[in-house]
Structure formats: C-alpha cells, structure tokens
Amino acid sequence: MATAALAALALGAPLAQAADATKEQQAAAEAARVAEREEMKRLGSYYLRCDGEPNNTTGGEDFARLVGAVTLLGIFAPSPEAPDPAKRLFAEKGVEACTHLLDDPKEETNKIRRIPLILARALHHIEGKSYTAALIEVEKARAEAKGAGLTGNLYFDRSMGFSFDQVESVIQLRLDDPAKAEEASLRSLGGPQYGIVQLLTAETYDQFLHDLSPAREAQLKSLVRIFPAALVVYASRLEEVGRFADAARYRELVIEVLEAQKPEFKGSLPYALAALDHALVGDSARAAARENDARTNMDSRVAAGKAEDNAAAVVEVLDLLGITNLAATGKLTEARRTFAARSQWLSPGFGTVLEVNRRLRKGAAPEELFGALAKTPEVLWTERRDKERIRRLATDSDNKTLFSNIFSYESIKDFEGTSKAVYRTDKSRLLLGEPIKRSQHWVILSPGNGLAGLDGIVLHAALLAKARAKKGMLMNLHVSRPLYGEVSFVNPDEPGVSPELYIDAEAVIAALSPLIPSPETLAQRKGAVKH
C-alpha cells in the first residue's frame, strides 16, 4: 500500500502541472478571443472593412420575389451595423477583407450582397494599381448577377446593375483608354432615357476626347429634356468640338429657359456666352443683340442694388467677344495684343478660347506669340487633359470617390409604393395648387425617395399631360432636397416649345410604367399570384 501511495503521489505532480497548463492555455485563448472581439469592434466587421456597408441591408427580400424565390433573409439576424465608410481598408488590405467574405464558403452567400462586395474588391485593386485584376473582378460580378437571374431586371439594371459599367469605365481610363472608358460608362443609357440619376452620374470623359461620340451626345440630349441646367454643359462640349452654330443654338435655349422662369433678376452670363458663339459663326447682328442684352442686364442689376457675383466673368467673356470682333474686321494686330495680354482665359468656354487662339495664331509674327498666345491650341488641350488625369487619379486614394460608382439595389416596393399617388391625375396630391408666380410652370412633388421618387415625378407629369389633353410637357427636375419637378403641359406645335426640350408624354409612359405599374396592374398581379 505504501508503495502504491508513493506511486500515486509521484504521478499526481505532473497531472496537477498539466491541469494548470491547460487552465493557462484556456485563459490565453479566452484573452485572445477578447482581444479579437475588441479588434473587430475597433476595425468593424469585414463588411465595413470591404465596402463600408453593413451586412443584411441589401434589399434581397424584395428582389427574391421577382426571380420566383421566397426568402426570410435578415428577419432573425442581429441588428446590422451602421454604414461607416471610414472603416474601409485600402488597396491590398481592402482586397483581403473582401476576399474573406467572398471566398470563404461559410461567409456571404446572398447574391445581391455579394455583387457590391466583388465590385468593392475591384475598386481596392484600383487603389493598388492592379487594373487588370480589377477588370477581372467586374466580369466576376457580372457573371454572378447573370447566374442569379438579376441581369435584365428593370430594377436591378437601373440601380445596382448600373455599377458594372461605371466601375469598368474608371478602370479603362486608368488603362489609358478614355474612348473605351466612355463607351463603358454610357453603354446602358439607351434604356433609361428619363432616368436622371443615371444620366447625371454616368462618368464622362470630355476632357480626354477630341470628338463628341454619338453615345455622349445622346446622353446630353436626353439629360437636357429633364434637367435643362445641363444645356450649359452641352453647349460647352459643342464648342470644344468646333460646332459653334449648334453651340449658339443651345446657348439660346439656356436663355429661353431662363426667361420662361421670369426671375426678378436674371443672370447676364448666358447672354454674353451666346453673343460669343454667334460671333464665332459670323452672325454679327445676333452677337451684337445678345451683347447688348448682357450689358443692359448688368447695368440694371447694379442700379437695383443687385450686382452679380460673377460680373467679372461676364466682363471677361465680353472682352473675348470684342477681340473676336476685332479679328473679324481685320484688326488682327490689336486683337492679338489684347488676347495675349492675359496669361489665361478662365470664364469663356474652353472651346471658344481654343478657337480664338487658333484664329489669331494663324499668320502671326513670332513676337506676337506671347502670353495667352504663346501656346498652340493642341498644347493647351494636352495640358488640360493631363491635369484632369492627375486630378482623377489622385482621387483613388481618398477612399470615397471610387466607391461612389457602386449603386445600391433599388427596392421594388419603393417603386410600387408610389403607384397610387403617381397614377392619381384627378385631384393630384403631388401637384401644387397653382403655377409658379408669373409663369406656366407647375410644381410636382416627389411621391417617394431616391430613384423611385424622381421617376415618379416624370411619370406623373406625363400622366397629367395626357389627362389634360396635352401631348407632352416641358420639365425641370430638381435633385436637391426636397425632390420636385417644374412642368408645363404643352403640345409640340405651340409657340415657344423647342423640340430639343419637348418631352412626349406617351414615350414617358411607355418607358416608366413598367417600373411604376398602375394600381390596376398591381392588383391583377396579386390576383394572378393567388390563383
């Protein structure tokens, strides 16, 4: 017995030591888990580290109904994190965070949530200057969308699906192919002609391309109909490609919109810019008339104590107009000296400055080529392009600009929820009671948020036009808060209705009613589902 007891005592020592070691290991493991939780809390989830957006906020429940599935995703999930773009990681570290979610089979499987994560990984590759890898990710995202039956759906294509082309676009620019970048950016705009969000937010590359492509011009034509402020952009682009007669026409449309609004104090700059374009196409009479409008308007505003903040810009444009007139009358020496006296012209459109520079340099003596005439139009264009490229590439490190190219999925119920208000044309709850003072423009309030609200304004305007026995309307959408639209109900042959701004009501209804079905259509769909 004594021998057995001694043996037990001898064996007990290492067993006790082993137990103590196990406890130490368990304590260390628990400390590691606590540290990991604290680190996770500090860094945020992998979702925040990947794209700055939390989990379970994708609208997947709504879309599942469309593709014939039923899901309870998110109903019993814990409360999601708040979005926090500041927690997005950068370049390779961002790629690692996204990969943790995408490639581990135990992680994200929801297709609608996976797609922005894949696109986010593409953007992190851009941050790390791995552009080919970024393109591969875009194709992966497209393939997943197609495999999940998302591609081709109106709601998906109009929102999250729009991201594919935009991300591809920024990659193509970084691969030094701006033509491909523009083609990608505008690829999907053939459909949503009245979708102001897509028309406004599509990446553009005017400063990299000498020519105005048909796709870019189609985008501008669609945009100005619902957002006339873009007329200024369109006119400037026409100047840059040497189409000054067309530019003058669009400058006149700016004035037409301005005067139709009947503001108490109009801006003088639109008149000055129109005068310059008229002068460049040799229409001296119209140039003189618009110059007089600009100067008279400036003087009247000063007399009324409402001098313009941009009066210096107006004067600069009129100075360039004076130089153009000098050159047209053969006073080239004086015109060159006056043009070259400035080191840089900032207020006139870039295209008009290049054109005047080109005309004045022709036949000039070497001693006349100083100041603003020292550089050829080609050099000026190249310098502007290079500066814009540097500016855009610099945004790759701000962890914000790139990610604005990923659009969230727009909920079907957001669109369908506007149906009743949009289709109610008798006693409309969206139309304010009377037109804007001293004009024929009515105000239509938004029936909802985001894309659905903006599309709802346009569709409601078209339905109201039809109800009032008008074939169309003139429109001006306001995308600041609150969302609203100004609209005049017109026929195309009425005085003052420009074809460039006229919107056909039936065309709008055909384009937008599939997105916002009528209450009757929705009721029929529900009835069909029950049966």
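Predicted model: local features only at pLDDT ≥ 70, side-chain atom pairs only at ≥ 80, totals over all residues.
Local features need pLDDT of at least 70 and side-chain atom pairs count only at pLDDT 80 or more, while totals for chains, interfaces and linings use all residues. Residues are numbered from 1 along each chain as its sequence is written, and side-chain values use heavy atoms, with hydrogens and water left out.

The protein has 24 helices and 4 strands (DSSP runs numbered from the N terminus: H or I of at least four residues for helices, E of at least two for strands). Of its 531 residues, 46% are buried, that is, under 20% relative accessible area with a 1.4 Å probe, protein chains only. Take the contacts (heavy atoms within 4.5 Å) between residues at least 6 apart in sequence: 67% of them join residues at least 24 apart.

A pocket here is an open set of points on a 1 Å grid over the protein atoms alone, where a 1.4 Å probe fits, with protein on both sides within 12 Å along at least five of seven lines; lining residues have an atom within 4 Å of a point. Of the 19 lining residues, Q344, W345, F350, L380 and E383 are closest to the centre. Helix 19 (377-394) and helix 18 (350-361) each supply at least two lining residues, and helix 19 gives the most, with 6.

S498 counts as buried because its relative accessibility is 5%. Leaving aside residues up to four places away in sequence, S498 touches R249, L253 and E256.

Definitions and conventions. Buried < 20%, exposed > 50% of the residue type's maximum accessible area, 1.4 Å probe, protein only.
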